[in-house]
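Here is a short briefing on one protein model. Look at the sequence and the structure first, then read on.

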Amino acid sequence: KRITKTALAILRLAIYEIKFYDEIPVSVSINEAVELIKNYATEKDSAFANGIMGTIAQEFKRDE
């Protein structure tokens, strides 16, 4: 309830990229997701999503 459905869909896509596409750097997936959320959701969503993506990035951190 804290995030819009649009932002949630974008987050799911970014998490999928991080988890299954090793050729895409984690930072690129995060930056693209946050930019998309800024364009298609609210400003609060982008800040919240950035925090979520930072946590997820630590779990799936790989050499870039």
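How far apart are the mean positions of the positive and negative charges of the protein? They are 12 Å apart, for 9 positive and 10 negative charges. Lys and Arg count as positive, Asp and Glu as negative, while His and the chain ends are not counted. Each charge is placed at NZ of Lys, CZ of Arg, CG of Asp or CD of Glu.

**Model and confidence**
- This is a predicted model, where local features need pLDDT of at least 70, side-chain atom pairs count only at pLDDT 80 or more, and totals for chains, interfaces and linings use all residues. Residues are numbered from 1 along each chain as its sequence is written, and side-chain values use heavy atoms, without hydrogens and water.
- The average pLDDT (the predictor's confidence in each residue, from 0 to 100) is 88, and 95% of the residues score at least 70.

**Fold and shape**
- The protein has three helices and zero strands. Both are DSSP runs, numbered from the N terminus: helices are H or I with at least four residues, strands are E with at least two.
- The C-alpha atoms fill a box of roughly 30 × 15 × 15 Å along the principal axes.

**Packing**
- Of the 64 residues, 31% are buried (under 20% relative accessible area, with a 1.4 Å probe and protein chains only).
- Take the contacts (heavy atoms within 4.5 Å) with a separation of 6 or more: 65% join residues 24 or more positions apart.

How values were computed. Buried < 20%, exposed > 50% of the residue type's maximum accessible area, 1.4 Å probe, protein only.
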